[in-house]
Amino acid sequence: MHPEQIKAAMRMAGTTPAMLCDELGVAASSVSQAISGHIKSQRIQGRIAQIIGKPVSEIWPNQITLRRSRAQIEAQRARAAV
């Protein structure tokens, strides 16, 4: 879906990107980038999909989401800090 279609669908469902920022406690830029597909936040995109009633794969097709455990993330940060 085009980002403007996503925002319009959110508004038709009774919410806005700004309201989503407040709900999730994230920056407006994070929501904007998730809507445009520049970042792949499962939490933000999952909530948008829930709001507009479509699966994430339909809203953002051909998007690969990498899943890492908290332990993997911490290990990567520790290696980078050395």
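Biologist: Helices here are DSSP runs of H or I with at least four residues, strands are E runs of at least two, and both are numbered from the N terminus. Helix H6 covers residues 70–81, which is 12 residues. The expected span, 1.5 Å times one less than the number of residues, is 16 Å for H6, and the helix is close to that value, reaching 16 Å.

Modeller: Please note that this is a predicted model, in which local features need pLDDT of at least 70 and side-chain atom pairs count only at pLDDT 80 or more, while totals for chains, interfaces and linings use all residues. Residues are numbered from 1 along each chain as its sequence is written, and side-chain values use heavy atoms, with hydrogens and water left out. How many residues of H6 are buried?

Biologist: A residue is buried under 20% relative accessible area, exposed over 50% and partly exposed in between, with a 1.4 Å probe and protein chains only. H6 lies largely in the open, because among its 12 residues the number buried is one.

Modeller: What is the order of elements in the protein chain?

Biologist: The chain of 82 residues has 28% of them buried. Its secondary structure comprises six helices and zero strands. From the N terminus on, the elements therefore follow the order α-α-α-α-α-α.

Modeller: How are H1 and H4 oriented to each other?

Biologist: Axes are lines fitted to C-alpha atoms, for helices over the stretch in contact, and angles between N-to-C directions run from 0 to 180 degrees. H1 (residues 3–12) packs against H4 at about 55°, with the axes 9 Å apart. Angles under 35 degrees count as roughly parallel, over 145 as roughly antiparallel, 65 to 115 as roughly perpendicular and the rest as oblique. The two helices are therefore oblique.

Modeller: Which residues of H4 make the contact with H1?

Biologist: Contact means heavy atoms within 4.5 Å. By class, this one has six nonpolar (Ala, Val, Leu, Ile, Met, Phe, Trp, Tyr, Cys and Pro), no charged (Asp, Glu, Lys and Arg) and no polar residues (the others, Gly among them). H1 supplies Ile 6, Ala 9 and Met 10, while H4 supplies Ile 48, Ile 51 and Ile 52.

Modeller: Is Ile 52 buried or exposed?

Biologist: Ile 52 belongs to helix H4. Apart from neighbours within four places in sequence, Ile 52 contacts Met 1, Ile 6, Ala 9, Met 10 and Ile 59. Its relative accessible area is 15%, so Ile 52 is buried.

Modeller: How many charged residues are in the contact of H2 with H4?

Biologist: The axes of H2 (residues 17–24) and H4 (residues 42–52) come within 11 Å and cross at roughly 125°, which makes H2 oblique to H4. Leu 20, Glu 23 and Leu 24 of H2 meet Arg 43, Ile 44, Arg 47, Ile 48 and Ile 51 of H4. By class, there are five nonpolar residues and no polar ones, and the number of charged residues is three.

Modeller: What relative accessibility does Thr 15 have?

Biologist: Thr 15 is located in the loop between H1 and H2. Beyond its neighbours within four places in sequence, Thr 15 touches Met 10, Leu 20 and Ile 51. Thr 15 counts as buried because its relative accessibility is 9%.
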